[in-house]
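Open the model in your viewer and keep the selection panel at hand. The tour has two stops.

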Amino acid sequence: APAKPVLLTGASGNLGRVLARELTALGWTLRLTDIAPFPDPVPERASFTRMDLADGVGLLRLAEGCGAILHFGGISVEQPFGTVLGPNIQGLYHVYEAARRERARVIFASSNHAIGFHERPQGNAAKLDVDCAFRPDGFYGLSKAYGELMGRTYWDKHGVENVNFRIGSCFPEPAEARMLATWLSFADLVRLCEAAVTAPRSGHCVIWACSNNPASFWGRDHRDRIGWQPRDTAEGFRDKVGHITSGNPVIERYQGGGYTAIDYSRGK
Ligand code: NAI
């Protein structure tokens, strides 16, 4: 387990609850926080503080003595600009300021929607490397691109280390054909967090966070720097979900799937 406590934002969310349970089971000391109440019994070796990411001073206090911040809090779906702005931009800044004060590493839950308007690779076409251009597929994806860039700046300017996960689709099981490419199992997420927090050095790095899926859209990234390899695979779900597609040519063309079609007005 890490020598210092780890702060987890978004602890009451879908992924936060999994991480709170699994990381404390590994012996980690966690400080959990969220604007929503924590819906489960607070695990041993964890404490929960209800707080808005808008509270920068509160975050400084919560991060005191922490060696890493797992930043999973904020708006997690496409929403109007004004809804995304506070939690995902101002809140992210508060997290980075707290990390700078503590010399802590930030683990940021970024998203495939930061690059969602790249086309899906067809056949044997090259997979997308992590240093590709940002092509955010909405205000949510834009906030994730900004988050990765903020990590870039805090590393270059202040030496604040950060590991950015471009999470595909992290659910108990793949639910549609697209997720045969994008699915990340909970177990692979937990091992990814372990690797990102405990690696001796990370610098600024970006990782495609999906399981070992043969249908993946994604190629090279910085996983070797933290020593992570996914072990699970979506391929075993092909018979179950391989036929579930949208029938919408925009959605099927782009990596971001359904998000690309929200409010889409470009025409054909
Ligand atoms: P979620 O929506 O279940 O959890 C996000 C949590 O953030 C919620 O508990 C919410 O109460 C909290 N939150 C929202 N605004 C807040 C504020 N102003 N102050 C404090 N807390 C606030 O989302 P989920 O699925 O657990 O995702 C976690 C992170 O991973 C998010 O950043 C999301 O964008 C990212 N992600 C998740 C993916 C997935 O497949 N689940 C895919 C790509 C990225």
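How much space lies in the largest pocket? About 890 Å³. A pocket here is an open set of points on a 1 Å grid over the protein atoms alone, where a 1.4 Å probe fits, with protein on both sides within 12 Å along at least five of seven lines. The volume is the space filled by probe spheres set on the points.

This is a predicted model: local features need pLDDT of at least 70, side-chain atom pairs count only at pLDDT 80 or more, and totals for chains, interfaces and linings use all residues. Residues are numbered from 1 along each chain as its sequence is written, and side-chain values use heavy atoms, without hydrogens and water.

Next, colour α1 (14-25), β2 (30-34), β5 (105-111), α4 (139-158) and α9 (258-261); each gives two or more residues to the lining. Helices (H or I, at least four residues) and strands (E, at least two) are DSSP runs, numbered from the N terminus.

**Stop two: strand β6**

Select residues 162-167. Six of the six are buried, so β6 is largely enclosed by the rest of the structure. Buried means under 20% relative accessible area (1.4 Å probe, protein chains only). Asn162, Asn164 and Arg166 point one way, and Val163, Phe165 and Ile167 the other.

Now show the neighbours. β5 runs parallel to β6, joined by six bridges; Ile107 stands opposite Val163. Strand β7 (204-209) is also parallel to β6, with six bridges. There, Asn164 stands opposite Val206.

Definitions and conventions
1 Å grid on protein atoms, 1.4 Å probe; cavity = no way out; pocket = protein on both sides within 12 Å on 5 of 7 lines; lining within 4 Å. Buried < 20%, exposed > 50% of the residue type's maximum accessible area, 1.4 Å probe, protein only. Pairing = 2+ DSSP bridges.
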